[in-house]
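Subject: The structure we talked about

Hi,

Here is the structure I promised to pass on.

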Amino acid sequence: IATLARSFNGMADSLQSQIKELADLSEMQQRFVSDVSHELRTPLTTIRLAGDVLYDQRASFPPATERTAELLHTQVERFELLLSDLLEISRYDAGSVQLESEPTNLVHLVQDTIEGMRSLGESKGTDLRLVAPGGHLDADVDPRRIRRILNNLIGNAIEHGEGKPVVVSVDSNAGAVALSVRDYGLGMTEAEVAHVFDRFWRADPSRRRTIGGTGLGLAISLEDATAHRGLLQVWSAPGQGSCFRLTLPRGTNGELVSSPLPLPP
Ligand code: ADP
């Protein structure tokens, strides 16, 4: 028994040191992503300023140079988006995100967000519709982060919605409020849905260059939802569209008082 105990102790020690090594590695990796993102910000700002000068004067350039100035402008914008998403992910990984929660009327927040997205919808021929109860529906949330989730879900619904209407709805029960974004577009297979919250994952990588996102939107939305002790669920079927549903607790103790609302068929 003594020999067995010694060998168990030895195994426990080695396991512990391996876990520590892995934790150190993961911390190093997190710090690396965060440091690189910070380091890239300064040169990117300089490129941005120079690019803006060229972009503002583009009408006076020959057509090929004008297109180059436009290309530089859009790519710098994408780069900035990618950097800010990377920084946000690294803040979540480091556990340094602090929610700035306040009592928020979610119906108004959803209405505002839809209004802000309407022109993007119109550019794709998409009608944005709201189904919400009248009056107040208050919850203690970080409004900036909830708005970011909605912007991302509505942006995706427009992007993959094939011009069909996008319906945003607000439901509630005693313990929870649910914000759903339903589109009737491309939809996804079960295998695709399984990866939808993975970092940098995209259903169709060949669309990468035509569609401007970073592939981090849903990963950040899931972090935002989890930080609120909420749920972010997805239902999708090829050719039938998708429904993303964010469920947030209403209770002051920050718990989901009842089970999550069911997803639509
Ligand atoms: P991005 O939009 O930048 O690609 P996201 O994390 O927001 O990154 O989404 C990841 C991928 O999930 C998208 O590229 C797309 O393939 C798929 N996806 C997200 N929302 C929808 C949707 N409403 N309909 C179909 N596919 C979607």
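Below are my notes on the overall fold, the core, a few single residues and the ligand site.

First, some ground rules. This is a predicted model, so local features need pLDDT of at least 70 and side-chain atom pairs count only at pLDDT 80 or more, while totals for chains, interfaces and linings use all residues. Residues are numbered from 1 along each chain as its sequence is written, and side-chain values use heavy atoms, with hydrogens and water left out.

**Overall fold**

The protein has six helices and seven strands; helices (H or I, at least four residues) and strands (E, at least two) are DSSP runs, numbered from the N terminus. Along the sequence they follow the pattern α-α-β-α-β-β-α-β-β-α-α-β-β. The C-alpha atoms fill a box of roughly 85 × 50 × 40 Å, taken along the principal axes.

Of the 265 residues, 34% count as buried. Here buried means under 20% relative accessible area, exposed means over 50%, and partly exposed is in between (1.4 Å probe, protein chains only). The protein exposes about 15,300 Å², and carbon and sulfur atoms supply 57% of that; accessible areas come from the Shrake-Rupley method with a 1.4 Å probe, and for residues only the protein chains shown count as cover. Among contacts (heavy atoms within 4.5 Å) with a separation of 6 or more, 72% are between residues 24 or more positions apart.

**The core**

The largest nonpolar core has 34 residues, and Ile146 and Ile154 have the most contacts inside it. By nonpolar core I mean a set of buried Ala, Val, Leu, Ile, Met, Phe, Trp, Tyr and Cys residues joined through side-chain atoms within 4.5 Å. At least two residues of this core come from each of helix H3 (106-123), strand E3 (138-141), H4, strand E4 (166-172), strand E5 (176-183), H6, strand E6 (231-237) and E7. H4 gives the most, with seven residues.

Which residues does isoleucine 146 touch, leaving aside its neighbours within four places in sequence? They are Leu106, Leu109, Val141, Leu179, His228, Leu246 and Leu248.

- Valine 110 is in helix H3 and counts as buried, at 1% relative accessibility. Not counting residues up to four places away in sequence, valine 110 touches Leu130, Leu150, Val168, Val170 and Leu179. Asparagine 151 is 41 residues from valine 110 in sequence and 9.5 Å from it in space, C-alpha to C-alpha.
- Serine 169 lies in strand E4 and also counts as buried, because its relative accessibility is 16%. Beyond residues up to four places away in sequence, serine 169 touches Val131, Ala178, Leu179 and Ser180.
- Alanine 132 sits in the loop between strand E2 (128-131) and E3. With a relative accessible area of 31%, alanine 132 is partly exposed. Residues up to four places away aside, alanine 132 touches Val107 and Val170.

**Helix H6**

The buried residues of H6 are Leu218, Ala219, Ile220, Ser221, Asp224 and Ala225. Their cover includes helix H2 (63-93), H4, E6 and E7. Just after H6, arginine 229 takes a positive phi of about 55°.

**The ligand site**

There are 16 residues around the ligand, and Asn156, Asp183, Arg202, Gly215 and Leu218 come nearest; a residue is near a molecule if one of its heavy atoms lies within 4 Å of it. The shell divides into six nonpolar, eight polar and two charged residues. In that count, Ala, Val, Leu, Ile, Met, Phe, Trp, Tyr, Cys and Pro are nonpolar, Asp, Glu, Lys and Arg are charged, and the others, Gly among them, are polar. Helix H4 (143-160), helix H6 (217-227) and strand E7 (241-249) each supply at least two residues of the shell, and the largest share, three residues, comes from H4.

Oxygen atoms of the ligand pair up as follows:

- A polar side-chain atom of asparagine 156 lies 2.9 Å from a ligand oxygen.
- A backbone N or O atom of alanine 203 lies 2.9 Å from a ligand oxygen.
- A polar backbone atom of threonine 214 is 3.0 Å from a ligand oxygen.

Taken alone, the ligand exposes 530 Å², and the protein buries 94% of that.

Best wishes

Key: A polar contact is a pair of N or O atoms within 3.5 Å; within protein, one must be able to donate a hydrogen and the other to accept it, and residues adjacent in sequence count only if both atoms are side-chain atoms.
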